[in-house]
Amino acid sequence: MLEQELVPIVQLGHPALRRPAVPFDGQLETDELAALVELMRRIMHDAPGVGLAAPQIGIPLRLAVLEDGFVPDPESAEIRERTPLPFFTIVNPRYEPLDDRTASFYEGCLSFEGYQGVVVRHRSVGLDYDDEAGTARRREFHGWPARIVQHETDHLNGIVYVDKVLTRSLCSNAEYARWAAPGISEARRVLGF
């Protein structure tokens with residue numbers, strides 16, 4: 001089997017990122033969907049990232065891949081509630097908060113290269129979605145995995161994280177190194193957000 005070439009990730013300003021994606025209802029054959037999912041996974045790993053939505057490669061379908069195997073230092077993992085997220089695919093997802101608790105942390109986006117910003121997100125969400133086989137699923141996510149689920153599902157609704165970012169926190173990756181502490185208290189104090 002020939003390996004597919006990677007396609008570019010579209011960047012902020014591309015119309016595919018601003019349009020709600022269309023529901024997946026069989027537009028692709030099973031083998032085509034499997035090939036697309038595998039291509040998206042390879043692109044996500046190559047970037048590298050922890051999620052990739054189909055609109056990020058210019059395909060307007062409600063489909064995303066997610067996986068977080070990054071192991072942060074123990075303090076960051078605890079503060080950010082960052083636990084491993086095994087690979088999975090979400091088709092036609094929708095999430096809802098499980099409670100009123102939120103968490104604020106820096107995040108970035110493969111479609112807005114070179115920048116990070118603080119986004120307030122629900123700490124726990126319930127996710128309804130279909131898997132690749134079309135089976136309806138419901139899962140709950142907490143901490144950092146909940147952040148990833150929200151970020152990727154937002155993409156499918158034409159929302160990019162900069163629409164939700166605390167604008168005074170926005171910084172280039174070069175400056176982010178200054179604020180890369182496990183929490184955001186120092187950045188909040190100095191940058192005034």
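Glu 140 is found in strand β7. Strands here are DSSP runs of E with at least two residues, helices are runs of H or I with at least four, and both are numbered from the N terminus. Glu 140 and Tyr 95 are 45 residues apart in sequence, yet their C-alpha atoms are 9.2 Å apart in space. Setting aside neighbours within four places in sequence, Glu 140 is in contact with Leu 98, Val 125 and Gly 126. Contact means heavy atoms within 4.5 Å.

The model is predicted: local features need pLDDT of at least 70, side-chain atom pairs count only at pLDDT 80 or more, and totals for chains, interfaces and linings use all residues. Residues are numbered from 1 along each chain as its sequence is written, and side-chain values use heavy atoms, with hydrogens and water left out.

**Aromatic pairs**

Strand β7 (residues 136-142) also matters for the rings. The structure holds 6 aromatic pairs. Phe 88 and Phe 141 form a stacked pair, because their ring centres are 5.7 Å apart and their planes stand at 10 degrees. This pair links distant parts of the chain: Phe 88 lies in strand β3 (residues 85-97) and Phe 141 in β7 (residues 136-142), 53 residues apart. Rings of Phe, Tyr and Trp (its six-membered ring) pair if their centres lie within 6.5 Å; planes under 30 degrees apart count as stacked, over 60 as edge-to-face and the rest as tilted.

**A three-stranded sheet**

An open sheet of 3 strands has the order β4-β5-β8, with antiparallel pairing. β4 (102-108) and β8 (171-172) stand at the edges with a single partner strand each, so one side of each has no neighbour in the sheet. Two strands pair if DSSP finds at least two bridges between them. β4 and β5 (residues 115-122) are joined by 7 bridges. Among them, Tyr 106 has Val 118 in β5 as its bridge partner. Helix α3 (residues 144-156) lies across β4 and β5, at about 65 degrees to β4. Axes are lines fitted to C-alpha atoms, for helices over the stretch in contact, and angles run from 0 to 180 degrees between N-to-C directions.

On a 1 Å grid over the protein atoms alone, a cavity is a set of points where a 1.4 Å probe fits but cannot get out; a pocket is an open set with protein on both sides within 12 Å along at least five of seven lines, and lining residues have an atom within 4 Å of a point. There are 2 cavities of 30 Å³ or more.

| Space | Volume | Lining residues by class |
|---|---|---|
| Largest cavity | about 50 Å³ | 3 nonpolar, 2 polar, 4 charged |
| Second largest cavity | about 40 Å³ | 7 nonpolar, 1 polar, 1 charged |
| Largest pocket | about 780 Å³ | 14 nonpolar, 10 polar, 8 charged |

β4 and α3 each supply at least two residues of the largest cavity's lining. That lining includes Arg 80, Phe 105, Trp 144 and Arg 147. Arg 80, Phe 105 and Trp 144 also line the second largest cavity, as do Tyr 106 and Tyr 176.

Of the 32 residues that line the largest pocket, the closest to its centre are Pro 48, Gly 49, Val 50, Gly 108 and Gln 116. The largest share of this lining, 5 residues, comes from α3.

Note on methods: Points joined across faces, edges and corners; volume = space filled by probe spheres on them. Nonpolar A, V, L, I, M, F, W, Y, C, P; charged D, E, K, R; others polar.
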